[in-house]
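Subject: Handover of a structure and notes on its content

Dear colleague,

Please find below the structure that I am handing over to you. My notes on it follow directly after.

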Amino acid sequence: MSTLPVFRWHLAPDGYATRRQLRARDLRPGGQDVAAQLERPRRRGRPPLVAYLYRVDLAKPVRPMTPGRWRAHAAMMRARRTCPECHRDAGYVIPPTLGSCVTCAYPEEQRAA
């Protein structure tokens, strides 16, 4: 088992990128293992923040969205916008902390307005 190269925050050499950096270039890791890691030191003895790096030359293009994936994504978003109490489309993603649309969660405030 080999150990990963560790770089300080903002000091990674060219040719390495995080998942987000790959995605910004329309790339994905494509099954490759983590090639290195970044460590950002923190104060008061806390463990460092770690970001994993992948090799850009081994990255693959992002898979395109197929019509089936678009349908599944639309269905998922519709379910997140539908209120479980009044069964209406709220027009926004319902926060899990409320569990229902604002109108159903705070009915007395809606009547007062």
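Contact, as used in these notes, means heavy atoms within 4.5 Å. The model is predicted, so to speak of local features a pLDDT of at least 70 is needed, side-chain atom pairs count only at pLDDT 80 or more, and totals for chains, interfaces and linings use all residues. Residues are numbered from 1 along each chain as its sequence is written, and side-chain values use heavy atoms, with hydrogens and water left out.

The chain as a whole

The secondary structure comprises 4 helices and 6 strands. Helices (H or I, at least four residues) and strands (E, at least two) are DSSP runs, numbered from the N terminus. Read from that end, the order of elements is β-β-α-β-β-β-β-α-α-α. The chain is more spread out than a compact globule, because its radius of gyration is 22 Å, well over the 13 Å that the globule rule gives for 113 residues. That radius is taken over C-alpha atoms, and the rule is 2.2 Å times the number of residues to the power 0.38. Along the principal axes, the C-alpha atoms fill a box of roughly 60 × 45 × 25 Å.

Of the 113 residues, 17% are buried. Here buried means under 20% relative accessible area, exposed means over 50%, and partly exposed lies in between (1.4 Å probe, protein chains only). Among contacts between residues at least 6 apart in sequence, 47% join residues at least 24 apart. The side chains include 21 positive and 9 negative ones, and the centres of the two sets lie 4 Å apart. Lys and Arg count as positive and Asp and Glu as negative, while His and the chain ends are not counted; the place of a charge is NZ of Lys, CZ of Arg, CG of Asp or CD of Glu.

The sheet

An open sheet of 4 strands has the order E1-E4-E5-E2, with mixed pairing. Its edge strands are E1 and E2 (16-17), each of which pairs on one side only. Two strands pair if DSSP finds at least two bridges between them. Strands of a sheet pair through backbone hydrogen bonds, either parallel or antiparallel. Both senses can be followed here. E1 (residues 6-8) and E4 (residues 36-40) are parallel over 3 bridges, and valine 6 has glutamine 37 in E4 as its bridge partner. E4 and E5 (residues 49-55) run antiparallel and are joined by 5 bridges. Within that pair, leucine 38 is partnered by alanine 51 and glutamate 39 by valine 50.

Alanine 36

Is alanine 36 buried or exposed? Alanine 36 is buried, with a relative accessible area of 0%, and it lies in strand E4. Leaving aside neighbours within four places in sequence, alanine 36 is in contact with Leu4, Pro5, Phe7, Tyr16, Ala51, Tyr52 and Leu53. From serine 100, alanine 36 is 64 residues away in sequence and 43 Å away in space, C-alpha to C-alpha.

Two loop residues

Histidine 10 is in the loop between E1 and E2. Its phi is near 70 degrees, a positive value in a residue other than glycine, and histidine 10 is exposed, with a relative accessible area of 72%. Arginine 44 lies in the loop between E4 and E5. Arginine 44 is not a glycine, yet its phi is positive, at about 60 degrees; its relative accessible area of 84% makes arginine 44 exposed.

Yours sincerely,
A colleague
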